[in-house]
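Hi everyone, thanks for making time today.

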Protein chains: 2
Amino acid sequence: MKLTIIGLGLIGASMAKAMKATAHIAGVDESSRIVRQALEEGVIVEGSTDMAVASGSDVVVIAVPVGSIVDTARKVIRHIDENTVLTDTGSTKARIVESIDLDFPSFVGSHPIAGKEYPGYAHSQADLFRGAMAIITPAGNTRQGCIDSIKRLWESCGASIRIMDPFVHDRLMAVISHMPHLLSYASMRLADDLRIHRQLLGAGFRDFTRIAASDPVMWRDIFFDNRDNILPLIDTYMEELKHLRTLIEENKAQDLQDTLSSYAHIRRALYGHSR
Amino acid sequence: MKLTIIGLGLIGASMAKAMKATAHIAGVDESSRIVRQALEEGVIVEGSTDMAVASGSDVVVIAVPVGSIVDTARKVIRHIDENTVLTDTGSTKARIVESIDLDFPSFVGSHPIAGKEYPGYAHSQADLFRGAMAIITPAGNTRQGCIDSIKRLWESCGASIRIMDPFVHDRLMAVISHMPHLLSYASMRLADDLRIHRQLLGAGFRDFTRIAASDPVMWRDIFFDNRDNILPLIDTYMEELKHLRTLIEENKAQDLQDTLSSYAHIRRALYGHSR
């Protein structure tokens, strides 16, 4: 089968590396240097900065930043017909699925729950999706054959599949992923002059702030795209901080202990600990 | 040398395990079951629920929760004289050092930067402090001999030493440790109904929320004790969230990207990455 991957960054190049034994892989990237490198390293067998190479593909994957997915889809659609199944790998889904579905019926959105703070071809790896979940977000009218084809694609990369409505996906991801990133970024406002105390930073600080090193352009686009879900969550979170602030200021020992206990309980229940 | 450790929880029992080859260790805990277990397992050679066993010690370590350290010090002081050096392991220092220093001149506060989400004797381990930092926070009038003695104690446990003013310590820890814990706890307010989506939780969520599983009583006491530093930091953080909220709501692409970039830059600089 012919698989074209548009965007040879962390996600796209990792897919190519995972699939190269079982598919004829064409790669498209706006950087001709990256295309050349991927060809030289045997990660792709055909490569170009031009989307025309997608022509005749069984599957096309758009693995570019969230803010560019719809535009990229519009461009590549000119080179393929409905026998090609088109998917993307964006971290938000509602707006993307709605837009592309109108133009191209063989589109199925997807989102692999995998990544690292450091983006780019250089950090790609064949086993990035092994043991990960891939969420597939069909629209109401998406054909089952297209869904099955994208399911097989992610399974071949080593991922397990979850099918989900695009709006449910975005609401869930706002809590699971987008808010943690926003809150971790914001905590850097407090950490500006810590460099001289680097040796004192413990595992708690390191893990809590790890995602603040994430790619700013990617996350800017995600925050904009999922604004409708994120803004109310920011409000709820600020309400909660205000509440905790009052408990601390007014020395409400039992209330504060109960609140922290309920939160510790939620965290422990999520990860299956007994306490 | 005779070393008495009061409180055989994660920190106290880990110290006992680290030091048992080189010191005669007496252990005190309010739970007679824990004392008996520590004796049976050879972690301590003398044990009691009564602080009188501290009598004649070269060093006494108070390893009880922050909220009980000053009370515990008052009780143990009756059984020791100035030839015994007294220290504690609390995560806050200003109030503790000020209080105990008045009553007992051979006191030197300390704080090992080590721990786990799960407290208690059962989770203690001999190598908990290996490669960690221990901060020693003398008062203005503390004798050098006492400082040196506590320095040697932590070095024997495998830690490196930093000497710091108790007030500077608390200001720094509010940023490095107390705020991340508070913010991680608060994020559980959003995560209450995630259990059915457990499989979708990625590494970002897991690491960001890990410290929300921390001991609620311990953290309640720390938040109260370091209130003066924590309350203004909560205000600054809420200001920052409001700012980010506005940028997202008003679609300020360049501003949001610049802000996130500056935060990613701070995080990357702290951990020595080039980007």
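Let's begin in chain A, where β2(A), helix α2 (residues 32-40) and β3(A) make up a β-α-β unit that is right-handed. Before I go on, please keep in mind that this is a predicted model. The two strands of that unit, β2(A) and strand β3 (residues 46-48), run parallel and are joined by 3 bridges.

One pair to pick out here is A:Leu3 with its bridge partner A:Ile25 in β2(A). To get from β1(A) to β2(A), the chain passes through helix α1 (residues 10-19), and this β-α-β crossover is right-handed.

Let's hop over to chain B and look at a whole sheet. In chain B, 8 strands form an open sheet with mixed pairing, in the order β3-β2-β1-β4-β5-β6-β7-β8. Which strands stand at the edges? They are β3 (46-48) and β8 (160-163) of chain B; each has a single partner strand, so one side of each is left without a neighbour in the sheet. From one strand to the next, the twist averages 20°.

Inside that sheet, strand β1 (residues 2-6) and strand β4 (residues 59-62) of chain B pair in the parallel sense over 4 bridges.

Next, how do the two chains meet? Contact involves 72 residues of chain B and 72 residues of chain A. On the chain B side, the elements giving two or more residues are α6 (166-187), α7 (203-209), α8 (216-225), α9 (227-249) and α10 (253-270). The most comes from α9(B), with 14 residues. Sorted by class, this side of chain B has 44 nonpolar, 14 polar and 14 charged residues.

Here's a bit of symmetry for you. Two copies of a chain are related by a rotation about an axis and a shift along it. In our case, chain B is superposed on chain A by a rotation of 180° with 0.0 Å of shift along the axis, at an RMSD of 0.0 Å. That is the relation of a two-fold axis. In chain B, the C-alpha nearest the axis belongs to B:Phe208, at 2.1 Å from it. Both copies use the same surface, with 100% of the contact residues of chain B recurring in chain A.

One last stop: helix α8 (residues 216-225) of chain A. Here 8 of the 10 residues are buried, so this helix is largely enclosed by the rest of the structure. Among the buried ones in α8(A) are A:Trp219, A:Arg220 and A:Phe223. What do the buried residues of α8(A) pack against? In chain A, they pack against α4 (94-103), α6 (166-187) and α9 (227-249), together with α9 and α10 of chain B.

Technical notes:
Residues are numbered from 1 along each chain as its sequence is written. Chains are lettered from A and ligands numbered from 1 in the order in which they are written. This is a predicted model: local features need pLDDT of at least 70, side-chain atom pairs count only at pLDDT 80 or more; totals for chains, interfaces and linings use all residues. Two strands pair if DSSP finds at least two bridges between them. A crossover is right-handed if, with the strands pointing away from the viewer, the path from the first strand over the helix to the second runs clockwise. Axes are lines fitted to C-alpha atoms, for helices over the stretch in contact, and angles run from 0 to 180 degrees between N-to-C directions. Two residues are in contact if their C-beta atoms, placed from the backbone, lie within 7 Å. Ala, Val, Leu, Ile, Met, Phe, Trp, Tyr, Cys and Pro count as nonpolar, Asp, Glu, Lys and Arg as charged, and the others, Gly among them, as polar. Copies are superposed by least squares on the C-alpha atoms of residues with pLDDT of at least 70 in both. A residue is buried if 20 or more other C-beta atoms lie within 10 Å of its own, exposed if 12 or fewer, and partly exposed in between; C-beta atoms are placed from the backbone.
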